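Biologist: I am new to this one. Could you show me the model and walk me through it?

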Amino acid sequence: MYKTATNFLKKFMSTAAIFKYGFNLSPMYRRTTARVIEISDDLKDVKIKVPLSYKNKNYVGAIFGGSMFSATDPIYMIQLVQILGEDYVVWDKSATINYKRPAKEHLYCKFSFTDEEIEAIKKQVAETHEMTIEKTTYLTNIKEQVFAEVIKTLYIAEKSFYKEKLKKRKQAKSS
């Protein structure tokens, strides 16, 4: 559904605007209480805000850890899907969050890919057909004080390779 809507909206809006408003209007993402507040035209830089509110306060008045984690969860994957395009498959493989201190104020998080990272991903996938990368980001306050560290492992593959891999897996299971 989201992919179909995105392809339709590309006729009227930039991909960056679709990304921003799509996240901010999506019921799944809205429940995290976070909002995408900035996004570069090339999608390589995204910034979110996780406001402290009654919707995400835990027992001690800090932002619930699940809200922090879920706010960061989909960004890198969707960002990379859009940057790399239709010839690639991108999946979240694993994630870890390390809480550093209770967040009793608004938090911010930046997600970035450099041109060099994107070229290195394309080069390695061209050579090996699949790979994993690890990206680390931080939930910080306005003064850049770290409240949580998020480490995401992403799987990236050539779409044709991935489809063949799934086909072989299915054949092996039915044997």
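Predicted model: local features only at pLDDT ≥ 70, side-chain atom pairs only at ≥ 80, totals over all residues.

Biologist: Why is Lys 152 called buried?

Modeller: Buried means under 20% relative accessible area, exposed over 50%, and partly exposed in between, with a 1.4 Å probe and protein chains only. Lys 152 has 1% relative accessibility, so Lys 152 counts as buried.

Biologist: And what makes Asp 73 and Asp 92 partly exposed?

Modeller: Asp 73 counts as partly exposed because its relative accessibility is 29%. Asp 92 has 27%, so Asp 92 is partly exposed too.

Biologist: How do you know that Asp 73 forms a salt bridge with Lys 152?

Modeller: A salt bridge is a side-chain nitrogen of Lys or Arg within 4 Å of a carboxyl oxygen of Asp or Glu. The closest N and O atoms of Asp 73 and Lys 152 are 2.7 Å apart. The pair links distant parts of the chain, 79 residues apart.

Biologist: What makes Lys 152 and Asp 92 a salt bridge?

Modeller: Their closest N and O atoms are 3.3 Å apart. Lys 152 lies in strand E6 and Asp 92 in strand E3, so the pair ties together parts 60 residues apart in sequence. Salt bridges with shared partners join Asp 73, Asp 92 and Lys 152 into one network.

Conventions: Residues numbered from 1 in each chain as written. Heavy atoms only, no water. Helix = DSSP H or I, 4+ residues; strand = E, 2+ residues; numbered from the N terminus.
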